[in-house]
Amino acid sequence: MKITKRTAIGITLIALIGLTSWGLAGALTEQQYIDAGKAEYHRGNYDAAIYLFTKGLELNPDNQYLYNDRGLCYLEKGEINKAITEFSKAIELDADFAEAYFNRGLAYFRTGSKYTPEGRASLEKAISDYSKAVEIKPEYAEAYYHRGIARIEFIHFYDSPFSEEENETFYEALRDFNKTLELDGTFYISYAGMGNAYDRYGKFHEAVEWYNKSLENEYEILQKWGTKALAEIYYSRGRAYQRVENPQAIQDYEKSLEYDPNLDTALGHLASIYSCIGKLEDALELYNRSVKIKESQPFLGLWDFHTWDGRGVCYYKLGEYDKAIQDLNKAIEVGRRPILPAYLYLGKTYLAMGDDSKAEEYFNKTIEICTGAIGAIEKGEHVWMYPSEVYALHNIRGLAYIELGDYDKAISDFEKVIELGPEEFSRGHTYYPVEGRKNIAIVYSKMGDKEKARAFYQEALNIAEERGLQFTKKEIEELLKDCLLYTSDAADELDGVDLGGRRI
């Protein structure tokens, strides 16, 4: 019996790994350890499997398959460095062990990230190992697929326009996914891999088409790769829909969680939508589930602060201020960079509690961090975010200026948001050309200039409608209605306006 496993790969997909040829010769006792170790592995008893494989190695220290198997156990336990050591030893013993290269590639991928030099190096090592696997075994479909997954980690639409090298990496990934299908026409998750590539390239509608093609084979995927694979694909399509504010994202995330109730990425994204549209109790329930998952993990990932940040905002909106403060501080604690929304909402929370001094402290802290980062970017210095994202710094600084009543500075920042915000895509599910106009409207409304407020709301609404941003459109419609309601000539302004059941 071969040891196989299913594992989450990249940000979207599940794949079968580690197929090895076991025709092992040797003493009966060694074989008993091998068989018992495999049985424990398949039961999920990885420590027991490690013990049994170790006993087998005591009898035959040159058994490359046992090092590979022990490495798979460490990989399941999240002990990546130990797993890499085991796979490397297997390769040392057998330079043509394609599966060991493949498995070591999986281990390197686990620590990969385009956002740090170390993470990029890990991705490059993963690609190198996958390439070696297909060099040894040219029909190795899984290795082509995973090499494609690793390659697209270097691509993200935040960085567009892309360099020539980035464009080539994107097309290399597509070639890998096509090669996978050429070798195995039933490798249907490779269609989702192409969806993932187009999503990261910023072609969201094309991404949805590829996810649809993958899900045409839902039953076959379920039989071959299991429920977790389908959960990841539905989540991925939902994320593409969410990027363009298509409410179909909600149904896809819900379907994803039917297949895998503990898929943390789906929990977080669906919670963020629920929070945005005012379904706060539903959002809170999902964030609570996400927190439990994260608290059970041996370490937190780069983006895990979002769970506490998101739940903290929910608690703020629900008026549970002590809980909001606890979660927002937790987000700051676990974040590996300044968590600006958490600082801003700590200020808003303390303001709601009547602690003006503490609120001012956090609003000023938000402004201080943003100003420092903007200044560093203008000087060409390295900061903790991409220089192209400076518009996001202006936006959150403008929001802090609003809270302090410094409206001229707020407007100046939001004008920068409109000027610098990318028109091609949303960042963090926020389309900044609309966000800047909406926030300027809010400032003018607070200043009592309802005419200018209405003009900017209408501009924002027109753009949201043109781009099909349904969540943002609904938000601005509500803000515009409120702006119209609270004017001295409300009766005239409301003529012909659909108030959605509201009466004055």
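Select Phe 187 and Trp 225: both are buried (under 20% relative accessible area, with a 1.4 Å probe and protein chains only). This is a predicted model, in which local features need pLDDT of at least 70 and side-chain atom pairs count only at pLDDT 80 or more, while totals for chains, interfaces and linings use all residues. Residues are numbered from 1 along each chain as its sequence is written, and side-chain values use heavy atoms, with hydrogens and water left out.

The structure holds 22 aromatic pairs (rings of Phe, Tyr and Trp, the last by its six-membered ring, with centres within 6.5 Å; planes under 30 degrees apart count as stacked, over 60 as edge-to-face and the rest as tilted). Phe 187 and Trp 225 form one that is edge-to-face, at 5.2 Å centre to centre and 65 degrees between the planes. Phe 187 sits in the loop between α8 (164–183) and α9 (189–200) and Trp 225 in helix α11 (residues 218–225), so the pair ties together parts 38 residues apart in sequence. Helices are DSSP runs of H or I, at least four residues, numbered from the N terminus.

Next, select Tyr 234 and Tyr 259. Their ring centres are 6.1 Å apart and their planes at 20 degrees, so this pair is stacked. Tyr 234 belongs to helix α12 (residues 227–243) and Tyr 259 to helix α13 (residues 248–259), 25 residues apart. Tyr 234 and Tyr 259 are both buried.

Then show Phe 162, Phe 170, Tyr 171, Tyr 198 and Tyr 201, which ring pairs link into a cluster.

Finish at Thr 307 in helix α16 (residues 305–317). Thr 307 counts as buried because its relative accessibility is 5%.

Note on methods
Helices (H or I, at least four residues) and strands (E, at least two) are DSSP runs, numbered from the N terminus. Buried means under 20% relative accessible area, exposed over 50%, partly exposed in between (1.4 Å probe, protein chains only).
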